[in-house]
Amino acid sequence: MKRQQIERWSPLLLLLAIVVVWEVICSGFGVSEFIFPSPSRIWAQTLEHSGTIAGHAWRTFWVTMVGFGIAIVVGVLLGFLIGSSRLAYAAVYPLMTAFNALPKAAFVPILVVWFGIGIGPAILTAFLISFFPIMVNIATGLATLEPELEDVLRVLGAKRWDVLIKVGLPRSLPYFYGSLKVAITLAFVGTTVSEMTAANEGIGYLLISAGSSMQMGLAFSGLLVVGAMAMAMYELFSFVEKHTTAWAHRGSQNA
Amino acid sequence: MSTDSQAPFVHFDDVWLAYNDELLAKNVFAVENINLKVQQGEFIAIVGPSGCGKSTFMKLTTGLKKPSMGRIHVDGQPVTGPLKISGMAFQAPSLLPWRTTLDNVLLPLEIVEPYRQQFKDRRKEFEDRAKKLLTTVGLGGMENKFPWELSGGMQQRASICRALIHEPKMLLLDEPFGALDAFTREELWCTLRDLWQEQRFNVILVTHDLRESVFLADTVYVMSKSPGRFVVRREIDLPRPRDLETTYTPEFTNIVHELRGHIGAMRKSGAVINQ
């Protein structure tokens, strides 16, 4: 196999190796299924409960997407604001940093009081946890404009708005797509965490109920499904990024 | 041109600039006592050590900065804000990587009036104009390449085209060839010379390459560092058109040597002050 091919398949090969080692350890040492189920056992449970899992997974998926959608809108708007105005940057950024340091799981009880058990807290947790990277990246893209380029345009009579639209926004697109990849995985974390305490549906709920009834295989299936969904969305945004902002990734194309 | 030919195109009348009020109160000026008269179509070069305020001078000329004291007139009008009749190019080509070379060159037309309003309707015509300009600087056929597919010299050519596409009356160049190798630099000297000879816009070239300034300019100003002021004005009376052979003649070398002497003397006295 060529080097390039190996590189391409390396994630799958590594996954395969982990599964094999895991299986060997579990069956070799006779580890109890209630402590640490083997991959084959997890797979069997996944198939057995596939209908239930699919239902919960779909719920988690669309709830995450709604929260993520709100995060994109709010993140882009806030990022645009603080990236284009020094005053807004000075005012908003420290508060935002403090806010980002708070564990978002801690918001769930408050959100439950406001919105009750169900989709409300899950959507909002997904949103709260994922808008920050989007905002920061848009703001960075706008704030790091080359001063020479700005002079070239300002001499022509360009208004701030022209500079933002013609240069700032296109320039921050690669940052934006980069942040989407990070944010989508965070959004899944937010939804799952929220569902664990504040929902009767979704993968988070499934994890808790499987754990409390000692169905360890099912609990692991839940984890597997969240991981798979997050990875699929990550790859999707990665694909979009490569095909819309190729100019920012020319280094990797030559490699 | 309605202005009579004797009136200077660029006129600096005892211009001083401090970067902010605090520095102004302390009497610390980035440039001071600048007096300058540039005729219509004149090519001037400003040379001096790094950090002597050459770029500040450029910003004053284009109206990006306002003087703390003194008056600046360009084309008979007092300079009060960004001057749309000028085009700028810098040491870094700063082309936009998501636009093709052609679209990069067209960028000023999307911004500056009156082209801005007409841009959609006259796009074809503008594109032809940009292509023609690119061909004159030797970039014919490169229109659809992205900047990162071009060499450093080609990028700088495109950058100069961008500065000229809206047919400015004044071209401001801030060390435009500083990052290029010696051969490419000399090629671009000739490109700029030909463009200027053909269109006769005003050029203000900031550089620290003395040969470059003597080869291209009608008048060379030597600027001193802190305080940033003009200390020498030297008219270059070498016959035009000049070609690269000129740079090997004794007359040329003598002028370069003379200018070098001024800068050397400045550096020495500067060193004494710093001790």
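Mentor: Helices (H or I, at least four residues) are DSSP runs, as are strands (E, at least two), and they are numbered from the N terminus. The model is predicted, with local features needing pLDDT of at least 70 and side-chain atom pairs counting only at pLDDT 80 or more, while totals for chains, interfaces and linings use all residues. Residues are numbered from 1 along each chain as its sequence is written, and chains are lettered from A and ligands numbered from 1 in the order in which they are written.

Trainee: Which residue follows helix 7 of chain B, and what is its phi?

Mentor: Helix 7 of chain B covers residues 182-199. The residue that follows this helix is Arg200(B), and its phi is positive, near 55°.

Trainee: How far apart are the end C-alpha atoms of helix 7 of chain B?

Mentor: The expected span is 1.5 Å times one less than the number of residues. For the 18 residues of helix 7 of chain B this should give 26 Å, and the separation of the end C-alpha atoms agrees, being 26 Å.

Trainee: Which residues of helix 7 of chain B are buried?

Mentor: A residue is buried if 20 or more other C-beta atoms, placed from the backbone, lie within 10 Å of its own, exposed if 12 or fewer, and partly exposed in between. The face turned away from the buried side of helix 7 of chain B carries the exposed residues Phe183(B), Gln197(B) and Glu198(B). The buried residues of this helix are Leu188(B), Trp189(B) and Leu192(B).
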